[in-house]
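These are my notebook entries on a single protein chain. I set down what I looked up, in the order in which I looked.

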Amino acid sequence: MPKQTFFNLHEDKRKKIEVAATKEFAEFGFHGARLNNIVKNAKIAKGSFYQYFDNLEDLFLYLVKSTSEVKLNMIHEVLKENTDADLFIKFEKIQKAGIYFHNTANKDTLKMLEQVLTLNVLQKEKIMGWIKEMEENEYYPLIDQAIAAKEIDCDRDFAYVLLSHTGKMIAQYYTIKRKGYMP
């Protein structure tokens, strides 16, 4: 993750680095991205980069996590607006928020996220751990409420699997559709 010096930067400078890196990862993939291109396009010195991040992997993982948090914030907003709804309405709203995210996100951001598939096992495990933690923090309380309200009558873990996998299927659908493999 970024060093504190990155978070101490003015927001405009942080955004320039994020945009330049996202574009580079989207265009050339995780393995083809070049630090020289990122620092040139962000208009920072190469030495400055290492004051902010340990390496390109560190930057990439930060971008994936921060993008996931944007989507999660969209879901939080939807849940705030539907506190009295039952689990199925909440789940519908969560999925619609996910669809909205995929429909409105910057193309480079979505292409960059696809690069997660090219990572090594340890990198993927780190990202999947974050995603699982975020999902569990969101879904388990909803499931527990639904079980207590007798809205559902199934195992907590089974309900979690259904909720989390449906969201992943929607994300995959949009990835495939954007690549032109389906109408």
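Which residues have the most contacts inside the largest nonpolar core? I found I17, F25, F49, F53, L59 and F60, in a core of 30 residues. I take a nonpolar core as a set of buried Ala, Val, Leu, Ile, Met, Phe, Trp, Tyr and Cys residues joined through side-chain atoms within 4.5 Å. Buried means under 20% relative accessible area, exposed over 50%, and partly exposed in between, with a 1.4 Å probe and protein chains only.

Basis of the entries. The model is predicted, and local features need pLDDT of at least 70, side-chain atom pairs count only at pLDDT 80 or more, and totals for chains, interfaces and linings use all residues. Residues are numbered from 1 along each chain as its sequence is written, and side-chain values use heavy atoms, with hydrogens and water left out.

Chain. I read nine helices and zero strands; helices (H or I, at least four residues) and strands (E, at least two) are DSSP runs numbered from the N terminus. Of the 183 residues, 42% count as buried. The C-alpha atoms fill a box of roughly 60 × 40 × 30 Å along the principal axes.

The most comes from α5, with eight residues. Apart from this core lies another, of 16 residues, including F91 and Y139.

F49. I listed its contacts (heavy atoms within 4.5 Å). Leaving aside neighbours within four places in sequence, F49 is in contact with L35, V39, I44, N55, L56 and L59.

I17. This residue sits in helix α2 and is buried, with a relative accessible area of 0%. Not counting residues up to four places away in sequence, I17 touches F6, L9, A42, I44, Y52 and F53.

Helix α2. How far apart are the end C-alpha atoms of α2? They are only 27 Å apart for 22 residues (11–32), short of the 32 Å that a straight helix would reach at 1.5 Å a residue; the expected span is 1.5 Å times one less than the number of residues. I then located a bend of about 80 degrees at A26, the bend being the angle between axes fitted to the seven residues ending there and the seven starting there. A26 is itself buried, as are F25 and G29, among others in α2. I recorded that the cover over the buried residues of α2 includes α1, α3, α4, α5, α7 and α8.
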